[in-house]
Amino acid sequence: MNIKFNKLKPVPLEIHKPVIVQKLNLKSIEERLAAMQKAGFNTFLLDTSNIFLDMLTDSGVNAMSNQQLAAMMLADDAYSGSQSFFKLEKAVQKFFNMEFFLPVHQGRAAEHIIARSFIKPGDILPMNFHFTTTRAHIELAGGTVEELIIDEVFNVTSSHPFKGNIDIKKLEECIARVGAKRIPFIRMEVTTNLTGGQPVSLENLRAVRKVADKHKLMLVIDACLIAENAFFIKQREKEFAHSSIQEIIHEISKLADIIYFSGRKLGAARGGGIVTNNKELFEKMKVLIPLFEGFFTYGGMSIREIEALAVGLGEFTDETVISQMPLFIEHVVNELVSFNVPVVTPAGALGVHLDAKKFLEHVPQTEYPAGALAAALFLISGTRGMERGSISMDRDPKTGKEILSELELLRLAVPRRVFSLSQMSFLIDRIVWLFENRELVGGLKFVDEPKVLRFFGGRLGPVNNWPEKLVKKFKIDFQDSL
Ligand code: F0G
């Protein structure tokens, strides 16, 4: 929470206490170099025994509350008609103020069901920005993504409060150009993952709804981070300064035809769902649930997770719970800015996003600066982040050409209720050292490159022997410290 302090510089104050803890390992830099080599310089392939701060993602790794853990013990295991499912259904209906709910095993499963139900070859999907799994499912169904986010998003250091907004003019132009018939729906992601967890304003969502109505188009909202987006709306959009998080979420969901979410993020459990108020749309998607997910009353989720998610959704309307992640991110971003480290501003949700293009100006984009920065930060701190740049873009499926990403970001996710401020101080300190020694970091090249979602399983190697040089300098500067 944001609380006034007397003498000390204010820091985000947690309104919870850890009641179960997990031991971590902080290994030597030599051990981390061996681990990185074994992982093909891809942080996805690291083994958690070698990781100190796991900031790969906020997906499925949030700390559960004691209430969630307790609820898991009450699971009513049944193939069909489980009481646990009805609890979740009620919680989802309350959270979104929507009637019909379909359970799925995680967010991308919802994307698959929606893509299969509504997209046909040749279709165009306008959206603020794509997410990796979203794009893959849309392309698998024969559709093409059109990204229409406001240009301000590419200004990495900006003070624009809603860099996740779609450009309404570009949206109108897109519809005029391709024709409404080829557009199965407009998609809005709140907040936009790949551009730094940037929020969308309610003003913008209302404008999208207007355009959708004018052209009789559906609006689909990806609600993985809807609670954090609502927190930003409360902070940054005057009209909602006195609204509750729940009221803002209802204002958002009122505008959508279909909402889907990953329960690995929203609700701090695992699983996912699709919600709508439209019976016809619901019936169209429902037939696919037993085919790809599981029976209608579990949809591929474990019943224990269903219980945890039902409780978690309630907690995600509590501002003291939902503000923790964005305020920790803001704290780290502000500290990094004070040391001139290039980082995406304003601070968003999901994580801290280092601007690798600026951080490693001397590494050409064809040598993946964001991937190189991810490897270097792991070597010197045991922190695992995620490359969100050109490695995360697959090659053009038609030409096989490399697609260089507009942004080269190293994402350091801040899972909810997990890290302490002392760990964040350690992280800031190590990032600042790396920035001071940035000329020691070189590029990466692919050794083994999968065709689809290459960032998950691809193996790379350093362009020269820069990791050894970095290790040497680290050992001099930190002597025997880890
Ligand atoms: N949509 C968005 C905006 C996401 O951030 C994610 C997942 C998904 C859909 C897919 O959900 O993982 O449950 O299948 N993002 C994770 C991340 C993977 O690390 O940002 P999922």
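Is Phe261 buried or exposed, and what is its relative accessible area? Phe261 is buried, at a relative accessible area of 0%. Buried means under 20% relative accessible area, exposed over 50%, and partly exposed in between (1.4 Å probe, protein chains only).

1. Basis. This is a predicted model; local features need pLDDT of at least 70, side-chain atom pairs count only at pLDDT 80 or more, and totals for chains, interfaces and linings use all residues. Residues are numbered from 1 along each chain as its sequence is written, and side-chain values use heavy atoms, with hydrogens and water left out.

2. Aromatic pairs. The structure holds 19 aromatic pairs. Rings of Phe, Tyr and Trp (its six-membered ring) pair if their centres lie within 6.5 Å; planes under 30 degrees apart count as stacked, over 60 as edge-to-face and the rest as tilted. One of the pairs joins Phe95 and Phe96: the centres are 4.9 Å apart and the planes stand at 80 degrees, so this pair is edge-to-face. Both Phe95 and Phe96 are buried.

3. A link across the sequence. Phe96 also pairs with Phe261, with centres 5.7 Å apart and planes at 35 degrees, so this pair is tilted. Phe96 belongs to helix α3 (residues 83–96) and Phe261 to strand β7 (residues 258–262), so the pair ties together parts 165 residues apart in sequence. Helices (H or I, at least four residues) and strands (E, at least two) are DSSP runs, numbered from the N terminus. Phe96 has a relative accessible area of 0%.

4. Cluster and charges. Tyr79, Phe295, Phe296 and Tyr298 are linked into a cluster by ring pairs. The charged end of Lys286 sits over the ring of Phe296, 4.8 Å from its centre. Arg388 lies over the face of Phe455, 5.0 Å from the ring centre. A charge sits over a ring if NZ of Lys or CZ of Arg is within 6 Å of the ring centre and within 35 degrees of the ring normal.

5. Ligand shell. The ligand is surrounded by 17 residues (a heavy atom within 4 Å). The closest are Thr57, Arg108, Asp222, Ser262 and Arg411. Helix α4 (residues 107–118) gives the most to this shell, with three residues.

6. An N or O atom in the side chain of Thr57 is 2.6 Å from an oxygen atom of the ligand. For the side chain of Arg108, the distance from such an atom to a ligand oxygen is 2.6 Å. A polar side-chain atom of Gln106 lies 2.8 Å from an oxygen atom of the ligand.

Conventions: A polar contact is a pair of N or O atoms within 3.5 Å; within protein, one must be able to donate a hydrogen and the other to accept it, and residues adjacent in sequence count only if both atoms are side-chain atoms.
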